[in-house]
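Q: Walk me through the labels attached to this model. For each one, set the value against its definition and conclude.

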Amino acid sequence: MNNALDVKNLCKTYIVNKRQNNVLKNVNFTIREGEMVAVMGPSGSGKSTLLYTVSGMDSITAGDSMFYGKNIGELNVNALADLRLDDMGFIFQQMYMLKNLTVVDNIILPAYQSKKGDESRKKILRRGQDLMRKLGIIEISDNDINEVSGGQLQRACICRSMINNPKMIFADEPTGALNRTASDEVMSELIKINLEGTTIMLVTHDVKVAAKCSRVLYIVDGNIKGEYNLDNAGSDIRPIERERELNNWLMEMGW
Amino acid sequence: MYQRIIKKDLMRKKTMNIILLLFIILASTFVSSSVNNLISISTALPNYFDRAGLYDYIIMTINDEKNDANIAEFLNESTHVNKWVTDEYLYVSRDDIRLYDGELITMDSTAMISRVDIKQQKFFDSNNDEIKEIADGEIYMPIYLMKNNNLQAGDKLSIKKDDYSIDLTIRDSCKDAFMGSSMMGVIRLLVSDNDYSRINEYLIPEIQGKLYSIDAHDIEAFKKEYNKEGFAVVFSGDQSMISTTYIMDMLIALLFLVVSVCLIVISFVILKFTILFTLQEEIREIGVMKAIGIRSRRIRGLYILKYLIISIVGALLGFLLSIPFGNMLLDQVSENIIISNNAGGVFVNAICSLLIVGVVIFFCYSCTHQINKLSPIRAIRNGSEGERFKRKGLLRLGKSHLPTVLYLAMNNIFSAPKRFGALVITFTIGIILIIVPINTINTLSDKSLIAQFNMAESDAYLINESKQIKYITGGNREFISNDTNAMEEKLKDNGINASVYCEVMFQYRITHGDYSVNSMAMQGVGISAEKYLYTSGQAPKYSNEVAITHITSKEIGASIGDTVKINTGNATNTEKEYMVTGIYQTLNNLGVGIRFSEKEELNYLNVTGVFPIQIKYIDDLSEDGEEEYLDRIKKIYSGLIVKSGDEYIEDFLGDITEQLEGTKRLIVGVIVLINILVTILMVKTFIIKEKAEIGLLKSTGFRNSSIIGWQVLRIGIILIISMVLGTILSNPISQISTGKGFEMMGASHIEFVIKPLEVYVLYPLLILALTLIASIITALQIRRVSVQETHNIE
């Protein structure tokens, strides 16, 4: 299996008020194609920074992040934008959408903007609606974003991240703002997407969420302190055992 | 504590506060300078006449001892005269004045030589300083004469007659309250006492004359008394009549009044928008403060204090800028008259700046009113209830065929029309401010304007100064008509079929019932009265018929079919009855006028002036054909000045065409600058407000160029909407604004000359291009907006 993401000696430093803050220090890890990897760690450990830096959403101070063989740090802004449009999908903790667009319009917007393929607008719209149907939110298709619940909106965000059939989805605490039921629904959708072949890297605080992934990276003070492989990721077999296993490991890591 | 909150707020929201400060500076500058200019312009002519010490009534005569003695006797005996003075002047022919290179001076009017220390009035130089004395060998002349001849201070000219010549050096241009306008028909040249005596002694001018300046304690009663006398004069009139010679200057001034009013409107619209916009930014913080228990009154006071600080700083800077800005605009109004800059004084500017502070606080007070009503949580949610909101988007992407970026721009505008309203209003006013003055300027410089002076439109004008003087002094109509007939024959012999005619002016009193008015009267020689424009009724056909202007009609209460009385100085010197057959309009003599039929036998001893000889081709000619005819006429009358219709209008209006061009450039420049400034500030404001959306679009893969396109397209669409609105509104606004100006001058039905290519294509495209360039440059800032800003989305 090929590497989807290959991170080597990654450093990220912020300078605030002339003070240097080294958030990521020589981070090394690899995510293989089709994997679903969770990043966990205490607050302020650099989880989100790691996600945004490796995906090119934020600049790299030093080191490399190879996305399907492309060095993110060497790409110019336009190439990075194209990569985000066609090959990456992003899901945030808050359900960010454009206010003046309906839910379906928000979802299909990146597809209309993409020059990948020569699909007609009608087909894109149908594809957007199919995605919504698949995620069980077709009934809110023409609603404004203010007219739907958080869980529905987060599923709409997943649809948007999926609309251009990306190679990889980066999710920053996708269930962080949801209740347990909504969280489970969103996770089961992400698992489905992963099973269909899309690589996923997600940041979470939730052991239940992380237990559904195939691998967990644990980050402390900007360094990967350890990683844990979970068998049969995404399957519903022995979910409680997986959670318990992961919990024990996290305890060992100092969680 | 509250001090610290304000201090922190001012620092933290630096960009937004700076934008607000800039808009307050703009508003303060525009309002202060515009109000002061309004005062300066509206009182310009009376102030100028006052400064020049112009008398209430002026009479000009040419040497006739008996006539002068009669006038002096009348003035001495008149009970309405406080004081009167007299000055001498000399007429010099154009043929006697040569430029340094030996060329004849270009001058359509008669030249009048005068001393500087005359009793009639004071003169001023180009710096508006009084000219108290002139050194021997120096000369002052009107600015338009210098411009027409490309003359500058220091250039030399000579006045020659036979073998005698006097060399003179141009010291400067002079501002002459009585004769400063080219429409006066006489150019006054100022020389030293010694040079005046030498010209009088050695050059033997063709005509000498006298200027009577009268100070009357009841000018209307004096005019009534004077008009009963039948003195032979070249000119007689009061200050209001002299004012009419400055109509072009005043029309330009009127354009600046329109500009000033529009700038004030723009200022308040932008101010309201910016305050609303910045306050919306604060709503969440208001919620937090409310949530921790700070009272609404305290919170409101906090924001009012913040806006008070910003508005005081902005108003102070605006006050300082308003003085040079106002002067820059006023300097363009007129080179012929003195418009005292800052007529209202610094006090007016200060009051206006204070008014801006008051307006800001009022807007802030009314906008913060909702603080009392907002619950803390609603404020935290940015004024929303939380659950259901009204539908925001109007357009559907799924149903749209527009490119994505264009769709986003359109959807933004139509979903939040209020937000973009201020821009639409500003740009629309900008477009109106360009179209209205340009239409007015084009109307003023078109050859058809001659019809508004109640003259027949002609293809060529022949200026024969010595003949014109003979027409005035000859007292014989046949002499003029024989001349025009002979010219027709001569032209015919040279293959040009044309009618030749001449316009003759008189001053008569017209009476209807108890009402009467002293009026300029016109009669064409060699042309039928039917050839002129009438707004209603018909041309006077018979000798006992007249047409009058609508202002005369209003003043004396006479309309078509009524009988009026006019003393035309006929053999019996009695009033004769005439029937009014038609109504017309004229820009001459404040719109007061009478036109006689060509059949009426008027006393040509009373002629007060003649216009150049007019030539109208009978043959239907192409533009090239007209040019060819004009060349031929120039050859036939090689010693005289021959002008085309356009050239004559240009000369008739003096250097006004050049001034109009300057005005046009200034207005376009000011509007373009305002548009650019407003665009830069608005786009900057939008970027600050939309950082999160920009971040989100970036995170979904939108390139910077697409996001810049989205920002710029919004401005472009708004500008196009404004252009359409501006174009639609400009015509009625022209009629209301400058149309009213024309009406005040006597022309109530002005057909504006519209050059569609210039007005609807060239200037709008220029503004569109420059505004878009400004918005592109400003929108480049989105490159600095990080994807992380997505987290600040509301």
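## Labels and cut-offs

Q: Where does A:Asn165 lie?
A: A:Asn165 lies in the loop between H5 and strand S7 (168-172) of chain A. The model is predicted: local features need pLDDT of at least 70, side-chain atom pairs count only at pLDDT 80 or more, and totals for chains, interfaces and linings use all residues. Residues are numbered from 1 along each chain as its sequence is written, while chains are lettered from A and ligands numbered from 1 in the order in which they are written.

Q: Why is A:Asn165 called partly exposed?
A: Count C-beta atoms, placed from the backbone, within 10 Å of the residue's own: 20 or more others make it buried, 12 or fewer exposed, and anything in between partly exposed. A:Asn165 has 16 such neighbours, so it counts as partly exposed.

Q: What is the phi of A:Asn165?
A: Phi is near 45 degrees. That is a positive value in a residue other than glycine.

Q: What is the phi of B:Asn128, and where is this residue?
A: B:Asn128 is not a glycine, yet its phi is positive, at about 70 degrees. It is in the loop between strand S5 (123-125) and strand S6 (138-141) of chain B.

Q: Why does B:Asn128 count as partly exposed?
A: It has 14 C-beta neighbours inside 10 Å, and therefore counts as partly exposed.

Q: What makes B:Phe596 buried?
A: B:Phe596 has 25 C-beta neighbours inside 10 Å, so it counts as buried. This residue is found in strand S19 (residues 593-596) of chain B.

Q: Which residues does B:Phe596 contact, leaving aside neighbours within four places in sequence?
A: Contact requires C-beta atoms, placed from the backbone, within 7 Å. By that test B:Phe596 touches B:Ala521, B:Gln523, B:Pro540, B:Val546 and B:Leu602. B:Pro540 is 56 residues away in sequence, with a C-alpha to C-alpha distance of 6.5 Å.

Q: Why are H5(A) and H6(A) called roughly parallel?
A: Two packed helices are described by the angle between their axes and the distance between the axes. Axes are lines fitted to C-alpha atoms, for helices over the stretch in contact, and angles run from 0 to 180 degrees between N-to-C directions. Under 35 degrees counts as roughly parallel, over 145 as roughly antiparallel, 65 to 115 as roughly perpendicular, and the rest as oblique. Helix H5 (residues 150-162) and helix H6 (residues 180-195) of chain A pack at about 15 degrees, with axes 9 Å apart. They are therefore roughly parallel. The residues of this contact divide into six nonpolar, three polar and three charged. Ala, Val, Leu, Ile, Met, Phe, Trp, Tyr, Cys and Pro count as nonpolar, Asp, Glu, Lys and Arg as charged, and the others, Gly among them, as polar.

Q: What makes H15(B) and H23(B) oblique?
A: Helix H15 (residues 417-444) and helix H23 (residues 704-736) of chain B pack at about 45 degrees, their axes 7 Å apart. The pair is therefore oblique. Its contact residues comprise 15 nonpolar, eight polar and no charged.

Q: What is the handedness of each crossing?
A: A crossing is right-handed if the near helix is turned clockwise from the far one by less than a right angle, and left-handed if anticlockwise. H5(A) and H6(A) cross right-handed. H15(B) also passes H23(B) in a right-handed crossing.

Q: How do you know that the radius of gyration of chain A agrees with a compact globule?
A: The radius is taken over C-alpha atoms, and the globule rule is 2.2 Å times the number of residues to the power 0.38. For 255 residues that gives a value near 18 Å; chain A has 18 Å, so the two agree. Its C-alpha trace spans about 50 × 45 × 40 Å along the principal axes.

How values were computed:
Helices (H or I, at least four residues) and strands (E, at least two) are DSSP runs, numbered from the N terminus. Two residues are in contact if their C-beta atoms, placed from the backbone, lie within 7 Å.
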